[in-house]
Amino acid sequence: MIWVLHGSCRWWSKDTVAIVTGANKGIGLSMVKRFAELGVTVILTARDTKRGLKAVESLMAQGLHVHFFRLDVSDPDSVKTFVSWFRLKFGALDILVNNAAVSFNEIDENSVEHAETVIKTNFYGPKLLTEALLPLFRLSPSTSRILNITSRLGHFDKLRNPKIRSIISDEEKLSEEQIDNMVSLFLSNVKQGTWKSQGWPEIWTDYSVSKIALNAYSKLLAKQNQGCGLSVNCYCPGFTQTSMTRGRGTHTADDAAAIGALLALLPPQELPTGKFYIAHSNLSNKREALRLGLRVLKFRSFEVHLENVRLKAHQNKVIFLEDGWGFAFW
Ligand SMILES: NC(=O)c1ccc[n+]([C@@H]2O[C@H](COP(=O)([O-])OP(=O)(O)OC[C@H]3O[C@@H](n4cnc5c(N)ncnc54)[C@H](OP(=O)(O)O)[C@@H]3O)[C@@H](O)[C@H]2O)c1
């Protein structure tokens with residue numbers, strides 16, 4: 001897949017600074033690579049220094065220079081140390097990609113054995129990091145951005161308990177406390193062994209709840225920062241060939257990251273906030289997107305000019321492609 005970025009859309013420079021979490025492999029590493037190829041200054045972070053430096057070396061071998069710092073998003077001390085280092089070294093931030101996540105489920109299995117770790121890493125991790133970095137966003141006219149890598153498994157309709165679904169879906173009244181309450185209730189149901197009968201998502205239950213919480217928090221954060229020069233959006237990369245899926249999937253991490261980078265780098269005047277993008281690579285996913293009431297965007301070919309994407313996205317039209325790739329948004 002080749003994305004052609006039109007010159008007039010290029011609002012960033014080497015002074016534009018991006019942080020990507022969980023970037024020693026998978027979609028995170030591909031996002032870092034894409035940002036570096038496009039001339040953004042990027043900090044590759046990883047919870048394991050050895051694995052992180054190996055990833056940096058792999059990029060150097062491709063002629064790409066990136067910065068590295070260790071960051072375990074589930075560890076408040078690590079977040080604190082990272083943010084202090086970042087403040088001293090860079091001072092200001094433009095783009096944050098909260099990508100790091102875990103799942104302990106095999107594709108067709110569902111266990112909640114590691115629910116606490118999953119929630120701590122996939123929801124509280126990005127939340128903690130985001131809150132620590134908020135004061136460092138540059139808030140320039142090009143607008144700062146947060147892209148949270150979430151999942152369609154975190155769509156609110158996966159909640160089968162109507163009361164919880166209605167609280168989480170109510171954008172007007174949604175609060176941090178309500179999201180925390182939902183997560184605490186889930187963890188307590190897990191502890192009590194009652195989670196199966198309480199209407200939680202049926203597939204990859206703990207992972208889904210973590211992503212529902214992250215999607216809801218993203219909506220809330222977007223609303224709180226509306227008009228302040230900070231956009232907050234979510235992106236589901238679709239079924240991607242990474243460690244998380246044991247290498248299964250309909251497309252590569254580079255494919256998923258190409259769209260992710262495009263969304264993160266949308267021109268300021270076209271940058272939405274509070275949206276949930278879903279990449280899909282086949283018709284059944286497209287049907288799912290339509291079923292969920294998502295607006296679907298498609299691409300005629302992989303060689304898309306960002307300007308065209310911008311134009312058509314703006315008009316909320318269908319754009320599109322030969323083999324089914326595209327993305328949708330809420
Ligand atoms: N692959 C898919 O089909 C798919 C679909 C929808 C959404 N997603 C989302 O896409 C994102 C990337 O996933 P992926 O598919 O690229 O999976 P992956 O290859 O397993 O990569 C996950 C990354 O997160 C890191 N990580 C885990 N816990 C961490 C922590 N506490 N602190 C910092 N880093 C941590 C991992 O580091 P280690 O190497 O040290 O474990 C790894 O670098 C995730 O948010 C995932 O939920 C993936």
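Residues are numbered from 1 along each chain as its sequence is written.

**Confidence**

- The protein chain has an average pLDDT of 85, and 82% of the residues score at least 70.
- Residues 1-7 also have pLDDT under 50, and the model has 17 contacts beyond four places in sequence for them.
- Where pLDDT is low, the predicted coordinates should not be read in detail.

**Overall make-up**

- The protein chain contains 10 helices and 13 strands; helices (H or I, at least four residues) and strands (E, at least two) are DSSP runs, numbered from the N terminus.
- Of its 330 residues, 46% count as buried. A residue is buried if 20 or more other C-beta atoms lie within 10 Å of its own, exposed if 12 or fewer, and partly exposed in between, with C-beta atoms placed from the backbone.
- Among the contacts in the protein chain with a separation of 6 or more, 71% are between residues 24 or more positions apart.

**Around the ligand**

- The ligand is surrounded by 33 residues, of which Gly22, Gly26, Ala100, Ala101 and Thr242 are the closest; a residue is near a molecule if its C-beta atom, placed from the backbone, lies within 6 Å of it.
- Helix 1 (26-37) and helix 4 (115-133) each supply at least two residues of this shell, and the largest share, three residues, comes from helix 1.
- By residue type, the shell divides into 13 nonpolar, 15 polar and five charged. Ala, Val, Leu, Ile, Met, Phe, Trp, Tyr, Cys and Pro count as nonpolar, Asp, Glu, Lys and Arg as charged, and the others, Gly among them, as polar.

**The nonpolar core**

- The largest nonpolar core has 86 residues, and Val32, Leu44, Val97 and Ala213 have the most contacts inside it. Such a core is a set of buried Ala, Val, Leu, Ile, Met, Phe, Trp, Tyr and Cys residues joined through C-beta atoms within 7 Å.
- Setting aside neighbours within four places in sequence, Val32 is in contact with Val20, Ala23, Val42, Leu44, Leu59 and Val66.

- Strand 2 (residues 17-20) pairs with strand 5 in the parallel sense over three bridges; two strands pair if DSSP finds at least two bridges between them.
- Val20, one of the contacts of Val32, stands opposite Val97 in strand 5.
- Strand 5 also runs parallel to strand 6 (residues 144-149), joined by four bridges, and Asn98 has Asn148 of strand 6 as its bridge partner.
- Six of the six residues of strand 6 are buried, so this strand is largely enclosed by the rest of the structure.
- Ser144, Ile146 and Asn148 cover one face of strand 6, and Arg145, Leu147 and Ile149 the other, all of them buried.

**Helix 6 and Val190**

- Val190 sits in helix 6 (residues 176-192) and counts as buried because it has 21 C-beta neighbours inside 10 Å.
- Beyond four places in sequence, Val190 is in contact with Val112, Ala115 and Trp195.
- Val190 and Glu113 are 77 residues apart in sequence, yet 8.5 Å apart in space, C-alpha to C-alpha.

**Loop residues worth a look**

- Leu139, in the loop between helix 4 and strand 6, has a positive phi of about 50° although it is not a glycine. Leu139 is partly exposed, with 16 other C-beta atoms within 10 Å.
- Arg246, also not a glycine, has a positive phi of about 55° and lies in the loop between strand 8 (240-241) and strand 9 (251-252). Arg246 counts as exposed because it has 10 C-beta neighbours inside 10 Å.
- Gly247 is found in the loop between strand 8 and strand 9 and counts as exposed, with 9 C-beta neighbours inside 10 Å.
- Gly247 and Gly26 are 221 residues apart in sequence and 9.8 Å apart in space, C-alpha to C-alpha.

Definitions and conventions: Predicted model: local features only at pLDDT ≥ 70, side-chain atom pairs only at ≥ 80, totals over all residues. Contact = placed C-beta atoms within 7 Å. pLDDT = per-residue confidence, 0-100.
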